[in-house]
Amino acid sequence: MTAPSRRRLKTACERLAGADPALARAYESLGVPAWRTSEPGYGMLGRMIAHQQLSTKAAATIWGRVEAFLGEVTPEAMLAASEEDLRACGLSRPKVAHLTSIAQAMVTGELNLARVCAADLDSARAELVSVRGIGPWTAELFLLYAVGAMDAFPIADVGLMEAHKQLGGYETRMESKIFTQHAEIWRPHRGVAAHLLWGWLNAERARDAAPSA
C-alpha cells in the first residue's frame with residue numbers, strides 16, 4: 001500500500017491546473033487532495049465489488065453483514081460459504097459469482113496481488129481483468145488505492161464525470177467515451193485528477209448536507 005508523496009502530488013496538481021480549467025477550480029478550492037489508500041487483499045477487492053451500482057450507505061450495510069458472517073474476509077472463507085448464506089447478507093447472485101471467481105483465482109495463484117503490485121501498469125491491469133468479476137473500473141481503483149499509481153483512471157466513473165461537469169460549467173455530463181478522450185490531456189496524472197475531482201465533489205456534498213446556522 002503506497003501513496004505518492006505530497007510533493008509529487010502538488011507538482012501533478014499544478015500541471016493539471018494548467019491543462020484543464022475545471023481541474024484548476026478544483027485545485028483552487030481543495031488544494032492538494034488526500035490520496036486514498038487501502039491494504040491490497042481479497043477483502044479490498046470484495047468491498048469494491050459489493051459497492052458497485054449501490055449507494056455508499058446500502059453497500060456498507062451489506063458488506064458489514066458479509067464481514068460479520070465470514071469473520072476474516074479471505075478467499076478461503078468466501079469459498080467455504082454457501083451462496084444461500086451470502087445472498088442472505090444482501091449480495092446479489094452476480095456479485096456472489098464474482099466474489100467466488102476472484103477467491104478461486106487467488107487460491108489457485110491465477111491472481112497474485114503481490115505480483116500485481118510489483119508489475120508495470122499494463123501487466124498489472126492485464127492480470128486483474130483476466131479474472132472473471134474484475135472489470136476495468138475495479139482494476140483501476142485497485143491500482144489507485146493499493147499501488148498508488150498516479151495515472152490509473154477509473155473510466156466511466158459517474159462521480160468524476162459529474163464533478164467535471166459542475167466545475168467546467170457544462171449543462172450536461174460528457175458521455176463516457178468523450179470524457180475518457182478528454183482525460184488524455186491529464187496523462188500521466190489521471191489518477192491525481194480523479195482524486196481532485198472526487199475530493200472536490202465530496203467537499204461540496206458535505207457542505208450541502210451541513211445544517212444551516
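Colleague: Into how many nonpolar, polar and charged residues does the lining of the largest pocket divide?

Modeller: The lining has 10 nonpolar, 9 polar and 4 charged residues. Ala, Val, Leu, Ile, Met, Phe, Trp, Tyr, Cys and Pro count as nonpolar, Asp, Glu, Lys and Arg as charged, and the others, Gly among them, as polar. This is a predicted model, in which local features need pLDDT of at least 70 and side-chain atom pairs pLDDT 80 or more, while totals for chains, interfaces and linings use all residues. Residues are numbered from 1 along each chain as its sequence is written, and side-chain values use heavy atoms, with hydrogens and water left out.

Colleague: What makes a space a pocket and what makes it a cavity?

Modeller: On a 1 Å grid over the protein atoms alone, a cavity is a set of points where a 1.4 Å probe fits but cannot get out, whereas a pocket is an open set with protein on both sides within 12 Å along at least five of seven lines; lining residues have an atom within 4 Å of a point. Grid points are joined across faces, edges and corners, and a volume is the space filled by probe spheres set on the points. The largest pocket holds about 790 Å³. Its lining has 23 residues, with His51, Thr56, Trp137, Leu141 and Asp157 nearest the centre. Helices H3 (42-51), H10 (136-147), H11 and H13 (190-209) each give two or more residues to that lining; helices here are DSSP runs (H or I, at least four residues), as are strands (E, at least two), numbered from the N terminus.

Colleague: And which residues line the largest cavity?

Modeller: Met161, His164, Lys165, Tyr170, Thr172, Arg173, Met174 and Phe179 do, around about 30 Å³ of space.

Colleague: Why is serine 38 called buried?

Modeller: Buried means under 20% relative accessible area, exposed over 50%, and partly exposed in between (1.4 Å probe, protein chains only). Serine 38 has 12%, so the label is buried. Threonine 37, at 41%, is therefore partly exposed.

Colleague: What makes the link between serine 38 and arginine 47 a polar contact?

Modeller: Their side chains are joined at 3.2 Å. The rule asks for a pair of N or O atoms within 3.5 Å; within protein, one must be able to donate a hydrogen and the other to accept it, and residues adjacent in sequence count only if both atoms are side-chain atoms. Aspartate 157 has a polar contact with the side chain of tryptophan 198, also at 3.2 Å, and its side chain reaches the backbone nitrogen of glycine 159 at 3.1 Å.

Colleague: How do you know that arginine 125 and glutamate 140 form a salt bridge?

Modeller: A salt bridge needs a side-chain nitrogen of Lys or Arg within 4 Å of a carboxyl oxygen of Asp or Glu, and the closest N and O atoms of this pair are 2.5 Å apart. Arginine 125 lies in helix H9 (residues 121-129) and glutamate 140 in H10, so the bridge ties together parts 15 residues apart in sequence. Arginine 125 is buried at 18%, and glutamate 140 is buried at 9%.

Colleague: Which residues are joined with aspartate 151 and arginine 190 into one network?

Modeller: Aspartate 151 and arginine 190 form a salt bridge at 3.2 Å, and bridges with shared partners join Asp151, Glu184, Arg187 and Arg190 into one network.
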